[in-house]
Amino acid sequence: MSRITERSRAAAGLALGIGMLAFVAGCGGESSSSSSTSTPAATAQTPAATDAASTTTAAASDGNNTLCVTSNVSFGLAPLFFEGYKEIAKQYGLDYVQKIASPDGNLQSAATNIQQCINAKPKAIVGIATESAAVAAPIAAAEKAGIPYIADQSGSPVPGVRVQIWGNEYANSAALVGYLLTSSDRPQNIYVLRASALPVVARRTAGLLAALPIERTQLKLAGSSELDLADVARSATEKTLAAVRANKDVNVVVAPWDDPAAGALAALKQLNRDDVKIITYDGLDSTYETMRGGERRIAAIAALPAEAFFNVRKLLVGQILDGSLPPSVNALCSGPLVTPDSIPAKGELTPGGSCILNGRVETADELRAAADAELARQ
């Protein structure tokens with residue numbers, strides 16, 4: 001049996017095992033998503049604050065047939081969530097109202113937006129990438145008013161929130177490590193770009209480091225450094241240049257999301273290092289377009305545009321509408337690995353992924369069937 005086959009077997013159960021451990025840890029008080037600092041890509045592009053407390057994409061109706069979606073970010077990854085919920089609202093025949101906090105992620109305006117949603121008496125409120133603990137009062141008010149609140153990628157869990165959806169960063173990291181184990185017989189000397197101030201990135205790094213010891217002779221941590229969040233692409237370029245120049249054995253750079261991955265790739269092009277891989281998270285279309293252009297150094301976990309994420313949201317909104325939502329829901333979702341050989345068609349959700357839904361693993365196919373059945377019942 002070849003070394004790669006042996007490593008494939010060793011890695012096969014890693015993502016699910018680490019994912020289940022992460023689920024248990026998450027239910028105990030940790031989430032797998034971003035804080036009030038905002039989602040990673042959003043933080044990287046934060047513009048100056050404006051005077052406007054919020055913006056709304058549509059005038060609210062009487063609210064009785066409305067899905068009210070709020071966020072303290074309006075850029076980076078946030079549009080993926082907005083478009084997904086907008087499509088879900090359309091499928092269920094709901095009006096869609098989107099409220100965005102001030103661009104600096106000010107949590108007071110986030111709280112104001114939630115209260116405005118409550119006043120409209122919608123079917124449900126969705127809070128995207130908002131530090132739930134910091135807006136606990138209006139969330140509690142929503143639940144008290146009988147309006148279910150979906151905490152999607154929030155920074156921390158809040159007692160009393162009925163639905164919480166996280167990204168399974170530990171399983172995603174384990175899948176990337178599995179890819180490294182099976183893609184080459186060469187030793188992998190890994191340099192990690194960190195952003196420890198962002199909980200989602202901290203969990204990605206923790207998951208990666210937890211998975212690395214599976215075969216120490218094959219996978220080695222060559223070093224790490226913190227990114228400057230004020231300009232992550234530039235910082236990633238500078239950190240990668242310094243790391244690869246200082247250690248010629250570095251042949252893998254881990255970028256915590258797509259913008260730093262683009263910065264790391266710019267550095268590798270400067271150095272003419274075609275042999276160095278970049279592995280990253282989120283799998284935004286910018287990364288896919290780079291792959292489609294012939295770049296073979298990148299692999300990504302489609303952590304957010306994964307089909308499983310969309311269908312678990314569609315299922316839960318449907319359960320809210322027909323009154324079948326369980327008293328408490330935790331969904332911990334992971335995405336599929338995307339390489340230059342498996343890029344999805346442009347503009348489509350990345351096929352695959354899975355969610356640990358209230359302790360049970362549901363594949364993308366199972367979630368699609370359940371969500372479609374829920375839609376048919378409406």
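Reply: The crossing of α9 and α10 is right-handed. This is a predicted model. Contact residues on the α9 side are Val232, Ala233, Ala236, Thr237, Thr240, Leu241, Val244 and Arg245. From α10 come Asp259, Pro260, Gly263, Ala264, Ala266, Ala267, Leu268, Gln270 and Leu271. By class, the residues of this contact are 11 nonpolar, 4 polar and 2 charged.

Now the geometry. Helix α9 spans residues 232-246 and helix α10 spans residues 258-271. Their axes lie 7 Å apart, at an angle of about 45°. Therefore α9 and α10 are oblique to each other.

Next, the cysteines. The structure has 2 disulfides. One joins Cys68 to Cys117, with an S to S distance of 1.9 Å. The torsion about its S-S bond is -60°, and the link of Cys68 and Cys117 is left-handed. Cys68 sits in strand β2 (residues 66-71) and Cys117 in helix α5 (residues 107-119), so the bond ties together parts 49 residues apart in sequence. Cys68 is buried at 2% relative accessible area. Cys117 is also buried, at 0%.

The other disulfide links Cys333 and Cys355, S to S 2.1 Å. Its S-S torsion is about 105°, so the Cys333 and Cys355 link is right-handed. Cys333 belongs to strand β12 (residues 329-334) and Cys355 to strand β14 (residues 354-357), so this pair ties together parts 22 residues apart in sequence. Both Cys333 and Cys355 are buried. With the bonded cysteines numbered in sequence order, the pairing reads 1-2, 3-4.

Notes: Residues numbered from 1 in each chain as written. Predicted model: local features only at pLDDT ≥ 70, side-chain atom pairs only at ≥ 80, totals over all residues. Heavy atoms only, no water. Axes fitted to C-alpha atoms, helices over the stretch in contact; angles between N-to-C directions. Helix = DSSP H or I, 4+ residues; strand = E, 2+ residues; numbered from the N terminus. Parallel < 35°, antiparallel > 145°, perpendicular 65-115°, else oblique. Left-handed = near helix turned anticlockwise from the far one by under 90°. Contact = heavy atoms within 4.5 Å. Nonpolar A, V, L, I, M, F, W, Y, C, P; charged D, E, K, R; others polar. Disulfide = S-S within 2.5 Å. Buried < 20%, exposed > 50% of the residue type's maximum accessible area, 1.4 Å probe, protein only.
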